[in-house]
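Start with the view below.

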Amino acid sequence: MNESFDLVAECPNSSARAGVLHTDHGDILTPIFMPVGTQGAVKAIDHRSLLEVGAQIILGNSYHLYLRPGLELLKHFGGLHRFMNWTRPILTDSGGYQVFSLRDLRTLREDGVEFKSHIDGSKHFFSPEGVISIQRHIGSDIMMCFDECTPYPTSHADAEASMQTTLHWEQRCLQAHRRVDVMYGHRQLLFAIGQGSVYPDLRRSCMEELVAMDFDGYAIGGLAIGEPLDEMYDIVATSTDVMPKHKARYLMGVGTPQNILNAIELGVDMFDCVMPTRNARNGTVFTTTGKLNVKNAVLKDNTEAIDAGLDNYASANFSRGYLRHLFMTGEILGLQLATMQNLGFYLWLSRTAREKILDGSFRQWKQDFLARYYPDRL
């Protein structure tokens with residue numbers, strides 16, 4: 001495969017790295033956080049605001065987009081980029097996470113998964129080859145392989161059996177990717193996903209086999225589902241130790257600011273999580289000086305900007321007192337401003353981490369930032 005990732009700098013006293021991931025819809029500077037737009041939209045924020053806060057790439061979900069709007073409509077519009085009028089890169093998950101999250105609505109087979117639609121109960125079969133076809137119709141810049149995510153906890157034997165299924169499916173995805181032509185004229189990268197629950201031996205062997213297959217990039221899946229934090233970090237370290245330096249590394253579905261910075265220190269390049277957008281809609285905002293519960297009465301007459309440390313429209317132009325008023329009165333604008341603030345913060349965090357890696361001060365900056373952000377955890 002043609003190389004799509006350039007390693008620009010490495011931290012002198014950790015595994016943190018800065019790079020550039022090349023796609024036909026633009027370059028992505030890493031480390032990067034990717035806002036989640038499951039159904040072709042990031043909840044409570046418009047595209048112009050996403051661009052303002054620095055979103056370089058967003059996510060879509062193959063399972064949900066397959067059900068709605070459906071492949072024929074996506075093909076009619078010329079793919080998801082044109083359908084939603086987003087000109088920057090898009091990554092699509094394969095639907096593998098739904099194998100975990102919708103286990104009451106699916107039947108797992110050796111050759112794939114039969115889902116019962118959560119919308120109308122209709123049945124749909126997802127195979128590795130079918131998932132590649134779905135993502136060809138979507139036209140994402142980065143496609144994810146079909147995998148099986150095991151629940152936590154799970155036994156070593158069950159985790160190994162699931163891992164073997166994942167490896168078999170991912171090999172079939174790779175073959176289909178090479179066989180099925182692109183539909184809209186731009187290159188689509190294919191990333192593999194390592195599994196193996198919290199067992200280091202399984203994680204290592206799984207990633208070694210995937211690396212031997214030679215994908216465009218590699219992801220760590222199946223974490224942040226209830227396992228202890230120290231085990232999560234151990235698995236991340238085990239995985240990045242095996243991943244090639246010249247390929248992008250993606251930790252799926254993680255997480256808090258602390259999670260992200262610690263994983264960057266362990267050598268991860270890419271992140272996604274619903275936390276910033278979901279928390280925004282629930283009234284929790286992340287700022288450069290700490291978290292705020294915007295419904296707290298103490299903010300009622302607060303005239304400070306939502307976040308003086310950020311310069312986007314929402315953060316700099318509205319007070320904390322006004323944001324609280326919007327939430328207390330149920331105004332939709334409150335959700336929009338909080339979402340813009342949270343995504344702005346997450347993107348600032350990854351952008352600043354990159355700057356600190358480039359100037360060699362990442363590790364000390366990370367320690368200082370977390371000490372200020374989480375003073376109660378020291």
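Ring pairs join F33, F286, F345, Y346, W348, F362, W365, F369, Y373 and Y374 into a cluster. Rings of Phe, Tyr and Trp (its six-membered ring) pair if their centres lie within 6.5 Å; planes under 30 degrees apart are stacked, over 60 edge-to-face, the rest tilted. The model is predicted: local features need pLDDT of at least 70, side-chain atom pairs count only at pLDDT 80 or more, and totals for chains, interfaces and linings use all residues. Residues are numbered from 1 along each chain as its sequence is written, and side-chain values use heavy atoms, leaving out hydrogens and water.

**Aromatic pairs**
- The count comes to 21 aromatic pairs.
- One of them is tilted: Y63 and F115 lie 5.1 Å apart, centre to centre, with 55 degrees between the planes.
- This pair links distant parts of the chain, 52 residues apart: Y63 is in helix α2 (62-67) and F115 in strand β8 (112-116).
- Helices (H or I, at least four residues) and strands (E, at least two) are DSSP runs, numbered from the N terminus.
- Y63 and F115 are both buried (under 20% relative accessible area, 1.4 Å probe, protein chains only).

**Largest pocket**
- On a 1 Å grid over the protein atoms alone, a pocket is an open set of points where a 1.4 Å probe fits, with protein on both sides within 12 Å along at least five of seven lines; lining residues have an atom within 4 Å of a point.
- Of its 41 lining residues, V36, Y97, G253, D272 and V274 are the closest to the centre of the largest pocket.
- α11 (275-281) is among the elements that each supply at least two lining residues, and α11 gives the most, with five.

Notes: Buried means under 20% relative accessible area, exposed over 50%, partly exposed in between (1.4 Å probe, protein chains only).
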